[in-house]
Amino acid sequence: MDEVFKALADPTRRELLDRLFERDGQTLSALEEPLPMSRFGVMKHLKVLEEAGLVTTRRRGREKLHFLNPVPIRLIHDRWVSKYAEPWASALSELKRDIEGSENSNDEEEER
Amino acid sequence: MNDEQAYTVIGGRGAMSVFEIYIKTTPERLWEAITSEQLRKRYSFGVGTASEWTEGSEYKASVPGVVDIAGGENLEVDPPRRLVQSFNALWSEDVKREGTSRVTWEIEPVGTSCRLRVTHDQLGEDANNELYGGWPMILSGLKTLLETGEDLDTPGSLRYSGAAG
């Protein structure tokens, strides 16, 4: 878990994760293109993300594709966030249900 | 940024998501937790998966009489290493329209642990992220169950448990 927090404690690495969230399965060339950094620099950041389990790779022919693995962040959520957020989360989901419930009943009335 | 050009489509068959987790357990126990209807319920939103787990057999994830979650065919069954399934989401009209995708479970022993990799592919371009968005919570619950014997009870993780059958 230390490795995950260390990996997340860097703006370039967070940006790489955001970009993989938008488009999963990218090559190093695609990932480095918009970054003001050497190819070697981007490789080093990707290696830190891989070692933390946040990025996983697959080979396809000669290409190495990078995928976001969100599971370690989920583990942090389950360990460190959800138990503190639970009273809020359940109040919010009740609110959501109430709102959606009343919206649905409006819809039904409109349909009639 | 030239995003369209930079993006590589996997095998020309659309999008793919990969989920990996390390769990301190044996491949046999992990395989059992994936294929036992009763164990599966404890980490998959309270939903069990019923199947004969033979190649070509069907599987169905549901709370009988309450909600159907997913179904499909077991394409490859190689215990305790590899399970490949076709995947049809059934929990809403929106996800039903997404059609058939594929889920591959791979178990690899690493020291005294196992690496479990779940690959969800053959998803359409811009597939509804509900299709694969549940995997992190499921895998987190599976890890908790196998390592502690307890159920993960974070909000939503046992949504359907206790639903009348």
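Tutor: Start with Arg81(B). Its relative accessible area is 49%. Keep in mind that this is a predicted model.

Student: Why is Arg81(B) called partly exposed?

Tutor: Exposed needs over 50%, and buried needs under 20%. Arg81(B) has 49%, so it is partly exposed.

Student: What makes Arg81(B) and Asp78(B) a salt bridge?

Tutor: The rule asks for a Lys or Arg side-chain nitrogen within 4 Å of a carboxyl oxygen of Asp or Glu. The closest N and O atoms of Asp78(B) and Arg81(B) are 3.4 Å apart. The pair therefore passes.

Student: Is Asp78(B) buried, partly exposed or exposed?

Tutor: Asp78(B) has 31% relative accessibility, so it counts as partly exposed.

Student: What about Lys143(B) and Glu147(B)?

Tutor: Their side chains meet at 3.1 Å, N to O. The limit is 4 Å, so this is a salt bridge. Both residues lie in helix α6 of chain B, four residues apart. That spacing is about one turn of the helix.

Student: Why is Lys143(B) called buried?

Tutor: Its relative accessible area is 19%. Buried means under 20%, so Lys143(B) falls in that class. Glu147(B), at 35%, counts as partly exposed.

Student: Which salt bridge links distant parts of the chain?

Tutor: The one between Glu20(B) and Arg117(B), at 2.7 Å, N to O. Glu20(B) is in strand β1 of chain B, and Arg117(B) is in strand β7 of chain B. They are 97 residues apart. Both residues are buried.

Student: How many salt bridges are there over all chains?

Tutor: The count comes to 18. Some are linked in a network: Arg58(A), Glu76(B), Arg82(B) and Glu106(B). As a general point, side chains of opposite charge can pair when their charged atoms come close.

Student: How do you know that Thr104(B) is buried?

Tutor: Its relative accessibility is 9%. The cut-off is under 20%, so Thr104(B) is buried. Thr104(B) is found in strand β6 of chain B. Beyond four places in sequence, Thr104(B) touches Arg82(B), Leu83(B), Val84(B), Arg117(B), Val118(B) and Thr119(B).

Student: And why is Thr25(B) called buried?

Tutor: At 7% relative accessibility, Thr25(B) is under the 20% limit, so the word applies. Thr25(B) lies in the loop between β1 and α2 of chain B.

Student: What does Thr25(B) contact, leaving aside its neighbours within four places in sequence?

Tutor: Leu30(B), Thr112(B), Ser113(B), Cys114(B) and Leu146(B). Thr25(B) and Ser113(B) are 88 residues apart in sequence, yet 5.3 Å apart in space, C-alpha to C-alpha.

Student: What makes a set of residues a nonpolar core?

Tutor: Its members are buried nonpolar residues, joined through side-chain atoms within 4.5 Å. The largest such core has 40 residues. Leu30(B), Trp105(B) and Leu142(B) are among those with the most contacts inside it. Helix α6(B) supplies the largest share of this core, seven residues.

Student: Which residues does Leu142(B) touch, not counting those up to four places away in sequence?

Tutor: Ile23(B), Leu30(B), Ala33(B), Tyr43(B) and Leu116(B).

Student: How much of chain B is buried?

Tutor: Buried residues make up 51% of its 165 residues. Chain B has six helices and seven strands.

Student: How confident is the model in chain A?

Tutor: The mean pLDDT is 85. Confidence is lowest in α5(A), at a mean of 71, and highest in helix α4 of chain A, at 97. Over residues 107-112 of chain A, pLDDT stays under 50. Where pLDDT is low, the predicted coordinates should not be read in detail.

How values were computed. Residues are numbered from 1 along each chain as its sequence is written. Chains are lettered from A and ligands numbered from 1 in the order in which they are written. This is a predicted model: local features need pLDDT of at least 70, side-chain atom pairs count only at pLDDT 80 or more; totals for chains, interfaces and linings use all residues. Side-chain values use heavy atoms; hydrogens and water are left out. Helices (H or I, at least four residues) and strands (E, at least two) are DSSP runs, numbered from the N terminus. Buried means under 20% relative accessible area, exposed over 50%, partly exposed in between (1.4 Å probe, protein chains only). pLDDT is the predictor's confidence in each residue, from 0 to 100. Contact means heavy atoms within 4.5 Å.
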